[in-house]
Amino acid sequence: MLLYFSVKMKHLEKDLSVASLHRELRTKLVGQNILYYPVTSSTMDVAKQAVREGAEEGTIVIADHQTAGRGRLGRRWWAPAESSILLSIILHPDLDQLPRLNMAAALAVVHSIEKVTGLRPVIKWPNDVLIEGKKVSGALIESDVQDETVNSAILGIGLNVNLDPSSIPEISETATSLREVLKEEVSRLEMLRSLLGEFEELYSALHQGEPIDKLWRQRLETLGKRVTVRYGEMVEEGYAESVDDDGNLLLRRPDGSLLTIVAGDVTLQV
Ligand code: BTN
């Protein structure tokens, strides 16, 4: 049985109040239903179960702590309790919009960080958000597609708001948080409210066929750089020349051939 937002929320009251979030949200779709968990395995799993139980599009799942948070490419997502935004959004995009959800997610994070903090993050292909070269946010999309129909897509976003990267050996060298950069606490409530608003705007633009890929490209710091791309056993090196309409990375190899990369982890060559 799912817990709706009327459950006791003492863990969130420190800065994230679901009740106030619900009251203050200006969105029409995203966040109209809020499922909150003080602790869960992964908001992705809760969202999947909610889909099975008929939760409507725009339902969000938020948690203060995940015991098995997951990232892209089979990695873990690390976040001490109450340090971060740990969010999943249930969506029903059309098939042709699915590849662009990545773009909407990364841009929504970038825009909301800019609006709330004044920082100017960039995007590392495909949807990592970086500040001062370190990762502050990542997004994961898990979709259920059958016969060219998207039954559901769950967008998961992790945003390091007040996390202390040095407390987590696995990410201490590569991650940052808004608090680490600004040297002061940031309200998770304010960030989440802004993030949901920005995402709804971009998702609606996507539905109306507006070219959000142009905005995404402008913030993509990967282009024009020599990079190494890893995916499982595959390692490719080359020049990150461009991205196609679906957001795939076009890598110019040393032998001149052009490789289309759908998924992978990019590092800049030094
Ligand atoms: C990545 O950069 O690898 C994607 C990270 C996605 C993490 C978020 S946190 C909320 C949601 N629940 C999860 O288990 N993962 C996503």
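Leaving aside neighbours within four places in sequence, L87 is in contact (heavy atoms within 4.5 Å) with T43, I60, V61, I62, L155, G156, I157, L192, L195 and L196. The model is a predicted one, in which local features need pLDDT of at least 70 and side-chain atom pairs count only at pLDDT 80 or more, while totals for chains, interfaces and linings use all residues. Residues are numbered from 1 along each chain as its sequence is written, and side-chain values use heavy atoms, with hydrogens and water left out.

L87 also belongs to the largest nonpolar core, which holds 61 residues and in which I62, L87, I89, I113, L178, F199 and W216 touch the most other members. Such a core is a set of buried Ala, Val, Leu, Ile, Met, Phe, Trp, Tyr and Cys residues joined through side-chain atoms within 4.5 Å, where buried means under 20% relative accessible area with a 1.4 Å probe, protein chains only. Because domain 1 (2–219) and domain 2 (226–268) both give residues to this core, it lies between them; the domain bounds come from an automatic or database domain assignment. Apart from this core lies another, of 12 residues, among them Y37, A50, L140 and I154.

The centres of domain 1 and domain 2, taken over C-alpha atoms, are separated by 26 Å, and 12 residues of domain 1 are in contact with 15 residues of domain 2. Between the two domains an area of about 1100 Å² is buried, of which carbon and sulfur atoms give 53%; buried area is the accessible area (1.4 Å probe) that two parts lose on being put together, summed over both. Of the area that domain 1 buries against domain 2, L73, W125 and R217 supply 52%, more than any other three residues.

Definitions and conventions
Buried < 20%, exposed > 50% of the residue type's maximum accessible area, 1.4 Å probe, protein only.
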